[in-house]
Amino acid sequence: MRYTGLIENYKDRLPVDDSTRLISLGEGNTPLIRLENIPATLGKDVDIYVKYEGLNPTGSFKDRGMTMAVTKAVESGSKAIICASTGNTSASAAAYAARAGIKAFVLIPEGKIALGKLAQAMIHGAVIIQIKGNFDDGMRLVKEVADHAPVSIVNSINPFRLQGQKTASFEIIEELGGAPDYHCLPVGNAGNISAHWMGYKEYFDDGTANTKPIMVGYQAAGAAPFVKGKMVDEPETIATAIRIGHPQSWDLAHTVEQESNGWFDSLTDEEILAAQKLLTEQEGVFCEPASATSLAGAMRDIKSGKIPEGSKIVCTLTGHGLKDPDTAIAQCSDEMININPVMDEVRDAILNNM
Ligand code: F0G
């Protein structure tokens with residue numbers, strides 16, 4: 001049967017009925033790829049899978065939440081949606097608004113969103129409002145303006161977003177035949193880790209899965225409120241997607257930590273970029289920097305034994321590497337070989353680099 005998106009696939013578990021007009025681009029059903037080369041380099045016997053959410057229609061996990069949020073906004077008669085974004089939410093909102101035939105307004109931090117994401121928001125026809133401030137400023141403004149203008153907020157404070165995003169856990173359980181032992185995610189607002197936990201609990205409570213995973217959230221060191229135990233006013237990291245100091249799902253995420261027996265930790269920008277490169281070079285999987293935070297953290301905790309041998313681990317790769325071409329190229333620009341257009345020089349370039 002033709003796959004037509006996650007709402008159709010899980011309509012018994014989502015707040016829709018037969019009369020709901022579904023706004024879908026075929027999101028969900030993303031690959032769960034078993035890492036074949038990286039585990040051996042860790043010197044530990046572990047089974048690592050990456051859930052490649054970058055293969056959603058707009059290149060990030062946001063589409064899972066956006067299909068639900070926009071479907072419900074349209075159902076309630078809304079003609080416009082609004083979000084603050086570090087980039088991916090704006091790209092997704094812009095695409096789903098285009099699909100629905102409604103307007104998208106997106107607030108983005110000036111100069112701090114990756115090129116691919118900006119291109120997406122622009123080409124889909126969103127109204128782009130750049131603010132001289134960061135994501136947290138944008139979020140504050142969105143919440144304020146929603147009381148003064150006819151717009152539906154589609155950030156993850158919209159509960160329909162988390163409903164859509166919980167389906168990633170359903171897919172993982174179905175594919176693995178049960179929950180993993182550990183599930184590692186990059187954390188910004190902490191909506192996604194909270195949504196995943198909802199999904200795992202739902203399948204556990206109705207007996208579809210016998211266990212629940214330990215949830216582990218990794219942040220960038222310069223934007224790590226959950227690790228510091230308090231809000232961060234000037235968040236900074238190369239992983240612009242998670243450049244967030246005042247997470248919206250603060251309480252939900254702490255509940256996830258307690259209920260799942262999990263933890264939060266942080267990674268430096270160097271560790272994040274190294275994991276991104278390792279994954280591309282060793283496994284052929286290209287994710288954006290923020291996404292690599294999950295793998296960087298898992299590798300560190302596997303090496304230290306905090307995640308024990310014999311574990312089955314899922315790392316969510318939240319966004320595609322093509323979202324941020326600048327950071328990818330900057331990491332590799334020294335490796336380019338420049339030659340004259342003659343065969344000898346091409347041959348030497350090959351033989352010197354075998
Ligand atoms: N990874 C990527 C690629 C993201 O874009 C985000 C969030 C996260 C991880 C963190 O997810 O906020 O649910 O903890 N991006 C939002 C945006 C903030 O505006 O695109 P979270």
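Ala, Val, Leu, Ile, Met, Phe, Trp, Tyr, Cys and Pro count here as nonpolar, Asp, Glu, Lys and Arg as charged, and the others, Gly among them, as polar.

**View 1. What lines the largest cavity, by class.** The lining has 11 nonpolar, 13 polar and two charged residues. This is a predicted model, where local features need pLDDT of at least 70, side-chain atom pairs count only at pLDDT 80 or more, and totals for chains, interfaces and linings use all residues. Residues are numbered from 1 along each chain as its sequence is written, and side-chain values use heavy atoms, with hydrogens and water left out.

**View 2. The cavity itself.** A cavity is a set of points, on a 1 Å grid over the protein atoms alone, where a 1.4 Å probe fits but cannot get out; lining residues have an atom within 4 Å of a point. The structure holds one cavity of 30 Å³ or more, and about 310 Å³ of space lies in the largest cavity. Volume here is the space filled by probe spheres set on the points, which are joined across faces, edges and corners.

**View 3. Who sits around the cavity.** Of the 26 lining residues, Phe61, Lys62, Gly188, Asn189 and Ala241 lie nearest the centre. Helices (DSSP runs of H or I, at least four residues, numbered from the N terminus) join in too: α4 (88-100), α7 (159-165) and α9 (191-205) each supply at least two lining residues. α9 gives the most, with three.

**View 4. A look at alanine 239.** Alanine 239 lies in the loop between α10 (225-228) and α11 (250-260). Leaving aside neighbours within four places in sequence, alanine 239 is in contact (heavy atoms within 4.5 Å) with Pro289 and Ala290.

Notes: On a 1 Å grid over the protein atoms alone, a cavity is a set of points where a 1.4 Å probe fits but cannot get out, and a pocket is an open set with protein on both sides within 12 Å along at least five of seven lines; lining residues have an atom within 4 Å of a point.
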